[in-house]
Amino acid sequence: MIAAAGLLVLALLGQPSRTYYWRDAGGQTHITNTPPPADAEILEPPPPPAVEPGRPHQAQAGSQNLIPRGYRQVTLTPTQKQAWEALDQHLLRARTANDRRTLEAVTDSLIHDCLWGNGLWAMPLVPLLALVLMVLMGWWLALGLGTALRLPVVGGFLILGLAFGHLLLNVFLYHPQAARLQQNLELLELHMGGRIPRPERQAFLQQRYQALEQAAEPTQAPWRFPKEVRTLREAVKQVMVDP
């Protein structure tokens, strides 16, 4: 049963969801999980660079002088660097045209990719599978016990399953999401269409990153992290529109 559950997770991880960001002939911006029409203008955000917790961020060769003070140095592949530069130009055109919808749509699309890209969309299944397995294990053990002991045993395994599932949720979903969000949104701060957030705006976003990281800890309630993500989303949109 455990092997089957593991194979199910691996199968789901092999089918990552892709976000399409595009504009139709009428100028309307769309964010979908299905391919756009053939006549649509593709406005893809850059793919989030891989975040590996525990490894230090390294500076890209020849680019240290281009990073403003207060921002971390990040290694980008040539493809990622080109994508971010293209995004910066796209946002510059949108900012010049006072196109607030596009500025906010890019923010939404990038945050969505950070949250659910690279197989993270399947991670909510892991704590559910853990809970089901623990309940089944408790039920199996309770079969050999007296009637009076069956309910406490199943209930105890249910509580263990909830606790273990919560731990898995934080380790395999919330922590990777928080790391990806902070790294990519800090990169977005450097590619906002020719604008860099003011020091007070940068400090404001850093507070939100710290709150998000704290919400990813196992000691926090599981609903706090999604709440912090919503708060961060609105904060980034505010800074995007008015750096």
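Biologist: How are residues numbered here, and which parts of the model count?

Modeller: Residues are numbered from 1 along each chain as its sequence is written, and side-chain values use heavy atoms, with hydrogens and water left out. As this is a predicted model, local features need pLDDT of at least 70 and side-chain atom pairs count only at pLDDT 80 or more, while totals for chains, interfaces and linings use all residues.

Biologist: What is pLDDT, and what does the protein chain average?

Modeller: The term denotes the predictor's confidence in each residue, from 0 to 100. Here the protein chain averages 79, and 77% of the residues score at least 70. Over residues 1-17 the pLDDT is below 50, and this stretch has 18 contacts (heavy atoms within 4.5 Å) beyond near neighbours in sequence. Residues 50-65 also stay under 50; for them the model has 18 contacts beyond four places in sequence.

Biologist: What is a salt bridge, and how many does the count give?

Modeller: Side chains of opposite charge can pair when their charged atoms come close. The rule asks for a side-chain nitrogen of Lys or Arg within 4 Å of a carboxyl oxygen of Asp or Glu. By this rule the count comes to 9 salt bridges.

Biologist: Which parts of the chain does the pair of D108 and K237 link?

Modeller: D108 lies in helix α3 (residues 100-116) and K237 in helix α7 (residues 224-241), 129 residues apart. Helices are DSSP runs of H or I with at least four residues, numbered from the N terminus. The closest N and O atoms of D108 and K237 are 3.0 Å apart.

Biologist: Is K237 buried or exposed?

Modeller: Buried means under 20% relative accessible area, exposed over 50%, and partly exposed in between, with a 1.4 Å probe and protein chains only. K237 counts as buried because its relative accessibility is 14%.

Biologist: Where does R208 find its partner?

Modeller: R208 in helix α6 pairs with E228 in helix α7, 20 residues apart. Their closest N and O atoms are 3.0 Å apart. R208 is buried at 17% relative accessibility, and E228 is buried at 11%.

Biologist: Which residues are joined into one network?

Modeller: Salt bridges that share partners join R198, E200, R201 and D242. R201 belongs to helix α6 (residues 199-215), whereas D242 lies in the segment after α7, 41 residues apart. R201 is buried at 15% relative accessibility, while D242 is partly exposed at 37%.

How values were computed: Helices (H or I, at least four residues) and strands (E, at least two) are DSSP runs, numbered from the N terminus.
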